[in-house]
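These exercises ask you to read a protein model step by step. Try each task before you look at its solution.

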Amino acid sequence: MSTVDIKPEYKPEGVEGAGFFATSLDKVVGLARANSLWPLPFATSCCGIEFMATMASHYDLSRFGSERLSFSPRQADLLMVMGTISKKLAPVLRQVYEQMAEPKWVLSMGACASSGGIFDTYSVLQGIDRVIPVDVYIPGCPPRPEQVLDGILRIQELSKNESLRMRNSPEYKAKLALYGIE
Ligand code: SF4
């Protein structure tokens, strides 16, 4: 009979012994959150194509537990904004963000989403952080899939190390208040 020796790549700090493992609830919840992010791809232009490459078999975002895309904000915890966001679209983006349940994270992919990119015009939002808070920015025009993977890994680090009380903290509420979000 063959035995399979499974070694998890990461496990939270804890106390180990034969037949038991003790750690803190924060760390277990962080581990679960980080490895089951459900992205909502808010893609408006070319960066979205690069994201499609990231999802496909060669780069395979599934390896990081994020293959389950959600096109409903109610079933997503990672908002990925990719592409040019016009000022007319900004209220829609904000509504999508507000409809997502906590905990949630925001990834701004590419120059357009992060700063308006080359479109320094009257109609283009000069960075989505003017309407919603952003956790991680990915530079580039367009960023390569490796950069998208790196961005996801950074979101994983944030979610893995976040305290369970963070979302109720005065600091977090103050950050949302800057955007007029309660
Ligand atoms: S950053 Fe570049 S590749 Fe991405 S949406 Fe803007 S123009 Fe397109």
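Two strands pair if DSSP finds at least two bridges between them. Helices (H or I, at least four residues) and strands (E, at least two) are DSSP runs, numbered from the N terminus. The model is predicted: local features need pLDDT of at least 70, side-chain atom pairs count only at pLDDT 80 or more, and totals for chains, interfaces and linings use all residues. Residues are numbered from 1 along each chain as its sequence is written.

**Exercise 1. The overall layout**

Task: State how many helices and strands the protein has, and give their order along the sequence.

Solution. Step 1: the secondary structure comes to six helices and six strands. Step 2: along the sequence these follow the pattern β-β-α-β-α-β-α-β-α-β-α-α. Step 3: for the dimensions, the C-alpha trace spans about 65 × 40 × 25 Å along its principal axes.

**Exercise 2. Strand pairs and crossovers**

Task: Find the partners of strand E5 (residues 105-109) and follow the chain from strand to strand.

Solution. Step 1: strand E4 (residues 78-82) and E5 run parallel and are joined by five bridges. In this pair, Leu78 stands opposite Trp105 in E5. Step 2: between these two strands the chain passes through helix H3 (residues 90-99), and this β-α-β crossover is right-handed. A crossover is right-handed if, with the strands pointing away from the viewer, the path from the first strand over the helix to the second runs clockwise.

Step 1: E5 also pairs with strand E6 (residues 136-138), in the parallel sense, over three bridges. Here Tyr137 in E6 is the bridge partner of Ser108. Step 4: the chain goes from E5 through H4 to E6, again as a right-handed β-α-β crossover.

Step 2: turn to strand E3 (residues 39-43). E3 pairs with E4 over five bridges in the parallel sense, and Ala43 stands opposite Met82 in E4. The β-α-β unit made by E3, H2 and E4 is left-handed.

**Exercise 3. Burial**

Task: Decide why E5 is described as largely enclosed.

Solution. Step 1: apply the cut-offs. A residue is buried if 20 or more other C-beta atoms lie within 10 Å of its own, exposed if 12 or fewer, and partly exposed in between; C-beta atoms are placed from the backbone. Step 2: five of the five residues of E5 are buried, so the strand is largely enclosed by the rest of the structure. Step 3: in a regular strand the side chains alternate between the two faces of the sheet. Both faces of E5 are covered, with Trp105, Leu107 and Met109 buried on one side and Val106 and Ser108 buried on the other. Step 4: E3 is also largely enclosed, because four of its five residues are buried.

**Exercise 4. The nonpolar core**

Task: Name the residues that touch the most other members of the largest nonpolar core.

Solution. Step 1: a nonpolar core is a set of buried Ala, Val, Leu, Ile, Met, Phe, Trp, Tyr and Cys residues joined through C-beta atoms within 7 Å. Step 2: the largest such core has 33 residues, of which Leu78, Leu79, Met80, Val81 and Met109 touch the most other members. Step 3: E4 gives the largest share of this core, five residues. Step 4: look at Met109. Two residues are in contact if their C-beta atoms, placed from the backbone, lie within 7 Å. Leaving aside neighbours within four places in sequence, the contacts of Met109 include Cys47, Phe51, Met80 and Ile138.

**Exercise 5. The ligand shell**

Task: Describe the residues around the ligand.

Solution. Step 1: a residue is near a molecule or strand if its C-beta atom, placed from the backbone, lies within 6 Å of it. Step 2: the residues surrounding the ligand include Ser45, Cys46, Cys47, Cys112, Cys141 and Pro142. Helix H2 (46-55) and helix H4 (110-115) are the elements that give two or more residues to this shell. Step 3: H4 provides the largest share, three residues. Step 4: the shell divides into six nonpolar, five polar and no charged residues. Ala, Val, Leu, Ile, Met, Phe, Trp, Tyr, Cys and Pro count as nonpolar, Asp, Glu, Lys and Arg as charged, and the others, Gly among them, as polar.

**Exercise 6. Backbone details**

Solution. Pro142 lies in the loop between E6 and helix H5 (145-160).
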